[in-house]
Amino acid sequence: MTRIPVDLAGNGYDILVESGALNTIADHLEPHLKNNRAFVITDSNVAAKWLEPLQMNLQNSGIKVISHVLPAGEQTKSWKVLEQLTDWLLDNGTERSDTLIALGGGVIGDLTGFTASILKRGCRFIQIPTSLLAQVDSSVGGKTAINSRAGKNLIGRFNQPQFVLIDPLVLGTLSDRELRAGYAEVVKYGLINNAPFFDWCEENGSALLNRDPEALSYAISQSVQAKAGIVADDEKELSGRRALLNLGHTFGHALEAETGYSSKLVHGEGVAAGMALAFHYSERRGHCGAADARRVAAHLKDSGLPYSLKSASIDASGEQLVQHMLHDKKMTAGNLPFLLANGIGQTFLADDVELKDVAMFLDQAE
Ligand SMILES: NC(=O)c1ccc[n+]([C@@H]2O[C@H](COP(=O)([O-])OP(=O)(O)OC[C@H]3O[C@@H](n4cnc5c(N)ncnc54)[C@H](O)[C@@H]3O)[C@@H](O)[C@H]2O)c1
Ligand SMILES: O=C(O)C(=O)C[C@@H](O)[C@H](O)[C@H](O)COP(=O)(O)O
Ligand SMILES: [Zn+2]
């Protein structure tokens with residue numbers, strides 16, 4: 001069992017990583033529930049595997065479970081589903097003192113966290129992340145959002161959970177494709193500021209993707225610790241430090257938008273291709289050596305992830321992709337800072353990037 005604190009003044013919380021924690025879920029949740037009941041929000045895939053065991057365990061401890069199952073997939077992070085979910089919660093008598101439980105991947109976590117921030121001007125929520133991506137990234141740090149017509153995560157709030165409970169055993173039912181997508185965000189921590197962790201990924205990535213429990217647990221706790229540290233330094237992405245976590249995302253979100261947020265390219269896959277593009281663009285601008293850019297692309301490729309526009313099946317012009325970037329939340333006074341790298345583990349925020357040049361780069365990129 002590992003307990004990782006997220007040190008924030010006034011709204012700090014613990015992240016507990018424990019194999020099998022779902023079997024004793026009531027013990028973990030009880031101290032955080034005010035009304036002896038839990039509003040559990042989940043999706044259809046996760047419900048099929050994990051809702052009943054969770055429900056049984058809580059009910060056996062006298063905790064009432066009121067659950068709502070949403071369609072699986074990125075389209076669920078929408079105004080339409082937000083409206084349905086808030087209506088359902090209100091119809092079911094949710095009080096401000098209640099706690100919402102997000103049982104699922106990043107989609108359920110982001111939507112539930114945002115809903116909690118606005119329901120009756122704010123109720124509490126707990127994250128029980130069930131995808132690798134949610135366990136290593138989205139359940140930590142309090143970014144919550146839905147997508148809008150204009151782009152990804154554009155309607156949202158910073159809203160920290162009360163508690164995060166990570167049970168690596170739930171990954172047993174996650175598909176290989178989703179495991180790989182989550183692994184992209186693990187690799188991200190190495191590329192940002194921890195070159196030895198990227199070495200570890202190169203050595204242990206295939207064991208992790210073959211579901212070796214030690215490799216998975218190590219990657220989860222290293223990733224959560226890395227993210228918790230960055231979030232504690234810069235909770236609301238004001239100083240530029242938290243923006244490091246956005247490596248690959250300006251490109252990646254544009255690729256996701258281009259596929260209509262469909263299952264053609266899930267978030268982690270967009271981030272993988274986006275990180276490879278960020279390294280190639282850094283090479284083109286003379287920041288990063290060709291060998292490092294090649295090494296990044298090779299590891300993503302070996303891990304079965306997209307590592308280029310072509311391998312992500314994106315056939316859009318540079319101009320089309322840049323149009324998607326115009327709503328990026330990092331945009332300041334009309335200028336879009338980019339996460340670039342001087343090498344592996346040496347990511348930095350560059351504020352002198354011209355979108356015209358990015359479009360030209362994308363037109364020439366493979
Ligand atoms: N808030 C943040 O800091 C943050 C960070 C990274 C990503 N995100 C967001 O998270 C989302 C991506 O998260 P995701 O990759 O978890 O996607 P997801 O929530 O769509 O989950 C991926 C798929 O795996 C299924 N699934 C999840 N857990 C399962 C399990 N244990 N067994 C079987 N199936 C399971 C889901 O039903 C879904 O089909 C994106 O919307 C992204 O923008 C947010
Ligand atoms: O927590 C963060 O900060 C991140 O940037 C983590 C990302 O992996 C995540 O996808 C996040 O939702 C992207 O943030 P956004 O501000 O670009 O929407
Ligand atoms: Zn991400």
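Predicted model: local features only at pLDDT ≥ 70, side-chain atom pairs only at ≥ 80, totals over all residues.
Let's start with a pair of residues facing each other across two strands: Leu340 has Phe348, in β11, as its bridge partner. The strands involved are β10, residues 338-341, and β11, residues 347-350; they run antiparallel and are joined by four bridges. Between the two strands of this hairpin sit five residues, and Gly345 adopts a positive phi near 80°.

Now, what covers β10? Both of its faces are covered. Phe338 and Leu340 are buried on one side, and Leu339 and Ala341 are buried on the other.

Let's step back to the whole chain. How many residues are in contact across the two domains? On the domain 1 side there are 28, and they meet 31 residues of domain 2. The elements that each supply at least two residues to that side of domain 1 are β1, β2, α5 and β8. Of these, α5 gives the most, with five residues. By class, the touching side of domain 1 has 15 nonpolar, nine polar and four charged residues.

Where does ligand 1 lie? It lies between the domains, because domain 1 and domain 2 both give residues to its shell. There are 32 residues around ligand 1, and the ones that come nearest are Asn45, Gly105, Gly106, Ser131 and Ser138. Helices α2, α4, α5, α6 and α10 each give two or more residues to this shell. The class breakdown around ligand 1 is 11 nonpolar, 13 polar and eight charged.

On to the annotation. The unreviewed UniProt entry places a domain called "3-dehydroquinate synthase N-terminal" at residues 69-180. In the model, that span is 34% helix and 29% strand, and its end C-alpha atoms lie 25 Å apart.

Why does Ile126 count as buried? Because 25 other C-beta atoms lie within 10 Å, and the cut-off for buried is 20 or more. Setting aside neighbours within four places in sequence, Ile126 is in contact with Leu29, His32, Thr99, Ile101, Pro161, Gln162 and Phe163. Val140 is 14 residues away from Ile126 along the chain, and their C-alpha atoms are 11 Å apart.

Conventions: Residues numbered from 1 in each chain as written. Chains lettered and ligands numbered in written order. UniProt positions renumbered as here; feature names shortened; annotations may be inferred. Buried ≥ 20, exposed ≤ 12 C-beta atoms within 10 Å, placed from the backbone. Contact = placed C-beta atoms within 7 Å. Pairing = 2+ DSSP bridges. Near = placed C-beta within 6 Å. Nonpolar A, V, L, I, M, F, W, Y, C, P; charged D, E, K, R; others polar. Domains from an automatic or database assignment.
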